[in-house]
Amino acid sequence: MSNKETRMLEVQSVLRQLGATGKYLGYFYLAEGICRAMDDKSRLLAITKEIYQELAIRHHRTTGSVERNMRTVVHVVWKKKPGLMEEVTGYPFDERPSVGRFMGSVVESLDIREVQNL
């Protein structure tokens with residue numbers, strides 16, 4: 001299994017821990033977007049151009065639909081168990097996070113796990 005495939009499985013595992021499932025198209029967009037952000041953290045600074053637009057082109061969608069589908073998953077995760085997001089990512093949330101903040105917290109938590117496993 002390649003590093004890319006392993007990383008995708010790790011990201012999907014975290015998303016499932018948070019209560020997200022493949023029932024939502026945004027789950028797949030989030031997983032791919034998080035993997036892209038892990039490859040290049042600067043993508044989180046220009047999420048519309050660097051992540052939404054890339055995913056929209058790749059999946060033949062609009063940037064708005066990609067963002068909306070990702071936002072839906074973040075909303076579902078937050079609504080189910082808001083405290084779980086903090087527990088899994090180690091990042092405190094006082095309110096439902098934006099997609100960018102959500103992705104950033106998952107990226108950071110996976111980076112920390114990776115360092116701890118070295």
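**Figure 1. Burial and overall dimensions of the protein chain.** Of the 118 residues in the protein chain, 42% are buried (under 20% relative accessible area, with exposed meaning over 50% and partly exposed in between, for a 1.4 Å probe and protein chains only). The model is predicted: local features need pLDDT of at least 70 and side-chain atom pairs count only at pLDDT 80 or more, whereas totals for chains, interfaces and linings use all residues. Residues are numbered from 1 along each chain as its sequence is written, and side-chain values use heavy atoms, with hydrogens and water left out. The protein chain has six helices and zero strands, helices being DSSP runs of H or I with at least four residues and strands runs of E with at least two, numbered from the N terminus. The radius of gyration of the protein chain is 13 Å, close to the 13 Å given by the globule rule for 118 residues, so the chain is as compact as a globular protein of that length. This radius is taken over C-alpha atoms, and the globule rule is 2.2 Å times the number of residues to the power 0.38. Along the principal axes, the C-alpha atoms fill a box of roughly 35 × 35 × 25 Å.

Figure 2. Among contacts (heavy atoms within 4.5 Å) with a separation of 6 or more, 56% are between residues 24 or more positions apart. The accessible surface comes to about 6,900 Å², and carbon and sulfur atoms contribute 50% of it; areas come from the Shrake-Rupley method with a 1.4 Å probe, and for residues only the protein chains shown count as cover. The mean positions of the 18 positive and 15 negative charges lie 8 Å apart. Lys and Arg count as positive and Asp and Glu as negative, while His and the chain ends are not counted; each charge is placed at NZ of Lys, CZ of Arg, CG of Asp or CD of Glu.

**Figure 3. Arginine 43 in the loop between helices H2 and H3.** The loop that holds arginine 43 runs between helix H2 (25-39) and helix H3 (47-59). Arginine 43 is buried, with a relative accessible area of 18%. Leaving aside residues up to four places away in sequence, arginine 43 touches Arg36, Glu50, Ile51 and Glu54.

**Figure 4. The salt-bridge network that includes Arg43.** A salt bridge is a side-chain nitrogen of Lys or Arg within 4 Å of a carboxyl oxygen of Asp or Glu; the structure holds nine. Glutamate 54 pairs with arginine 36, with the closest N and O atoms 2.6 Å apart. This pair links distant parts of the chain, glutamate 54 lying in helix H3 and arginine 36 in helix H2, 18 residues apart. Glutamate 54 is partly exposed at a relative accessible area of 23%. Arginine 43 forms a salt bridge with glutamate 50, the closest N and O atoms being 4.0 Å apart, and glutamate 50 is partly exposed at 26% relative accessibility. Through shared partners, salt bridges join Glu32, Arg36, Arg43, Glu50, Glu54 and Arg58 into one network.

**Figure 5. The salt bridge between arginine 7 and glutamate 114.** The closest N and O atoms of arginine 7 and glutamate 114 are 3.8 Å apart. The pair links distant parts of the chain, with arginine 7 in helix H1 and glutamate 114 in helix H6 (residues 99-116), 107 residues apart. Glutamate 114 counts as partly exposed, at 38% relative accessibility.

**Figure 6. Threonine 6 in helix H1.** Helix H1 (residues 3-17) contains threonine 6, which is partly exposed with a relative accessible area of 29%. The C-alpha atoms of threonine 6 and glutamate 95 are separated by 31 Å, the two residues being 89 residues apart along the chain.
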